[in-house]
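Subject: Structure handover

Hello,

Here is the structure I promised to pass on. Please open it first, then read my notes below.

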Amino acid sequence: MEDHPSSDPITEPGTDVRTYRIEGLSCIDCAGRIEDAVSRLAGVQQAHVDYVTGDLKLWIAEPDFDMRSVSALVKAEGHALILEGEKSQRVSSFPRFLLSD
């Protein structure tokens, strides 16, 4: 598992940024395996799992992305993905500080 910066990565406009909870996650190795597996799914630009908070943050390029594949990967590691209370935001444009004059 890579060390991730505290800020969000640069994402393409139209990308959904979603945050979910993983129930019972307390192991950094499990978090790394989940992060790696989810990152390889078609439509996922990036995934980050925080084993301390149990948060799974996804950058998704497909608006109709099916979360069942993510849930199955999390379940395979012995945990449950909590889909209720999802936090989501759509990136509509690049942040102003990234645009040059």
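Which kind of link joins the side chains of Arg21 and Asp55? They meet in a salt bridge, with N to O at 3.3 Å. A salt bridge here is a side-chain nitrogen of Lys or Arg within 4 Å of a carboxyl oxygen of Asp or Glu.

Some ground rules. This is a predicted model: local features need pLDDT of at least 70, side-chain atom pairs count only at pLDDT 80 or more, and totals for chains, interfaces and linings use all residues. Residues are numbered from 1 along each chain as its sequence is written, and side-chain values use heavy atoms, with hydrogens and water left out.

Overall layout

The chain has two helices and four strands. Both are DSSP runs numbered from the N terminus: helices are H or I with at least four residues, strands are E with at least two. Along the sequence the order is β-α-β-β-α-β. Of the 101 residues, 31% are buried. Buried means under 20% relative accessible area, exposed means over 50%, and partly exposed lies in between (1.4 Å probe, protein chains only).

The chain exposes about 6500 Å², and carbon and sulfur atoms supply 49% of that. Accessible areas come from the Shrake-Rupley method with a 1.4 Å probe; for residues, only the protein chains shown count as cover.

Take the contacts between residues at least 6 apart in sequence: 70% of them join residues at least 24 apart. Contact means heavy atoms within 4.5 Å.

Salt bridges

The count comes to four. Back to Arg21 and Asp55: this pair links strand S1 to strand S3, 34 residues apart. Arg21 is partly exposed, at 43% relative accessibility. Asp55 is also partly exposed, at 24%.

Another bridge joins Arg33 and Glu77, with the closest N and O atoms 3.0 Å apart. Arg33 sits in helix H1 and Glu77 in the loop between H2 and S4, so the pair ties together parts 44 residues apart in sequence. Arg33 is partly exposed at 41%. Glu77 is partly exposed at 26%.

Asp16 and Arg18 form a bridge as well, at 3.4 Å from N to O. Both of these residues are buried.

The core

Nonpolar side chains tend to be buried together in soluble globular proteins. What does that look like here? The largest nonpolar core holds 18 residues. Such a core is a set of buried Ala, Val, Leu, Ile, Met, Phe, Trp, Tyr and Cys residues joined through side-chain atoms within 4.5 Å. Ile22, Leu56, Leu58, Met67, Val70 and Leu81 touch the most other members. S1, H1, S2, S3 and helix H2 (68–76) each give two or more residues to this core. H1 provides the largest share, four residues.

Leaving aside neighbours within four places in sequence, Leu56 is in contact with residues including Tyr20, Ile22, Val49, Val70 and Leu81.

His79 lies in the loop between H2 and strand S4 (80–90). His79 is buried, at 14% relative accessible area. The His79 side chain reaches the backbone oxygen of Glu23 at 3.4 Å. Beyond its neighbours within four places in sequence, His79 is in contact with several residues, among them Ile22, Cys30, Ile34 and Val74.

Thr15 comes in the segment before strand S1 (16–23). Thr15 is buried, at 2%.

Thr53 lies in the loop between strand S2 (44–50) and strand S3 (55–60). Thr53 is partly exposed, at 34%. Thr53 and Arg21 are 32 residues apart in sequence, and 8.2 Å apart in space, C-alpha to C-alpha.

Ile28 lies in helix H1 (residues 28–39). At 42%, Ile28 counts as partly exposed.

Best wishes

Key
Polar contact = N/O pair within 3.5 Å; in protein donor to acceptor, adjacent residues only side chain to side chain.
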